[in-house]
Amino acid sequence: MVTLNKVRRSRICVAVFACVGIVALILDRVTKVWALQELSMGENISVIPGLLSLQLLHNPGASLGMGSSTTWLISLLAIVMSICLLIAGCMSRSLVWSVCLGLALAGAFGNLIDRVIYANGVLNGSVVDFLNYGWSVGNVADIWLVIAGVGLVILIFASVPFRPQEQEGSPERSSAAMETR
């Protein structure tokens, strides 16, 4: 029997997942639109000397420009991952998992949107990158992906359950235990 607390927890986790994903996606889109309007190709504006500058690039590949000739495959993987993350986010019963999955979905979907919007064929568009770290140029979606990736690894190594069981002292457990006696 599904209990009211489980349903309530489920709804809260899905709401957190959706809110984090939507807010993170909006921040990614707003920053990319800003970069396209305010930055010129080839221009390099120092923000923190030696650490961060703004430089507009269109990246057809993945991280560090790898896979530039297989943009369609990267786009296809982003579609599959976005669907998997959406399903996982709706199934999670853990707030911290919901937050990490929401950030991961926003990152994957944010870059996928670029690949669709800026395509001149099927799934062969490039991603708008503008945050130059000196060794790599990325965007806000990439930041969400890194934060989510680190968070998910920590959750896995810390054995934080994806769908926690009800507490021992909860009314659901107590009544179920009494019924079996």
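Analyst: Two strands count as paired when DSSP finds at least two bridges between them. In this predicted model, β1 and β2 meet that criterion, with 3 bridges in the antiparallel sense.

User: Which residue is the bridge partner of serine 46 in β2?

Analyst: Serine 46 is bridged to serine 53 of β2.

User: How many residues lie between β1 and β2 in their hairpin?

Analyst: There are 3 residues between the two strands of the hairpin.

User: In what order do the strands of the open sheet stand?

Analyst: As a general idea, strands of a sheet pair through backbone hydrogen bonds, either parallel or antiparallel. Here 4 strands make an open sheet, ordered β1-β2-β3-β4, with antiparallel pairing. β2 and β3 (residues 127-132) are joined by 5 bridges, and histidine 58 sits opposite valine 128 of β3.

User: Why is one side of β1 and of β4 left without a neighbour in the sheet?

Analyst: β1 (45-48) and β4 (137-138) are at the edges and have a single partner strand each, so one side of each lacks a neighbour in the sheet.

User: Is glutamine 55 buried or exposed?

Analyst: The cut-off for buried is under 20% relative accessible area. Glutamine 55 has 18%, so this residue is buried. Glutamine 55 belongs to strand β2 (residues 52-59). Leaving aside residues up to four places away in sequence, the residues that glutamine 55 touches include Leu39, Glu43, Asp129, Phe130 and Val137.

User: At what angle do the axes of helix α3 and α4 cross?

Analyst: The axes of α3 (residues 95-117) and α4 cross at roughly 145° and come within 8 Å. The crossing of these helices is left-handed.

User: Which residues of α3 meet α4?

Analyst: Among them are Val96, Trp97, Leu101, Ala104 and Ala108 from α3, and the α4 residues in the contact include Trp144, Leu145, Ala148, Leu152 and Ile156. By class, the contact of α3 with α4 holds 16 nonpolar, 3 polar and 1 charged residues.

User: Where is confidence lowest and where is confidence highest in the protein chain?

Analyst: Confidence is lowest in helix α5 (residues 171-180), where the mean pLDDT is 41, and highest in helix α4 (residues 140-157), at 96. The pLDDT is below 50 over residues 168-181, a stretch with 9 contacts in the model beyond near neighbours in sequence. For the protein chain, the mean pLDDT is 85, and 84% of the residues reach 70 or more.

Notes. Residues numbered from 1 in each chain as written. Predicted model: local features only at pLDDT ≥ 70, side-chain atom pairs only at ≥ 80, totals over all residues. Heavy atoms only, no water. Buried < 20%, exposed > 50% of the residue type's maximum accessible area, 1.4 Å probe, protein only. Contact = heavy atoms within 4.5 Å. pLDDT = per-residue confidence, 0-100. Axes fitted to C-alpha atoms, helices over the stretch in contact; angles between N-to-C directions. Left-handed = near helix turned anticlockwise from the far one by under 90°. Nonpolar A, V, L, I, M, F, W, Y, C, P; charged D, E, K, R; others polar.
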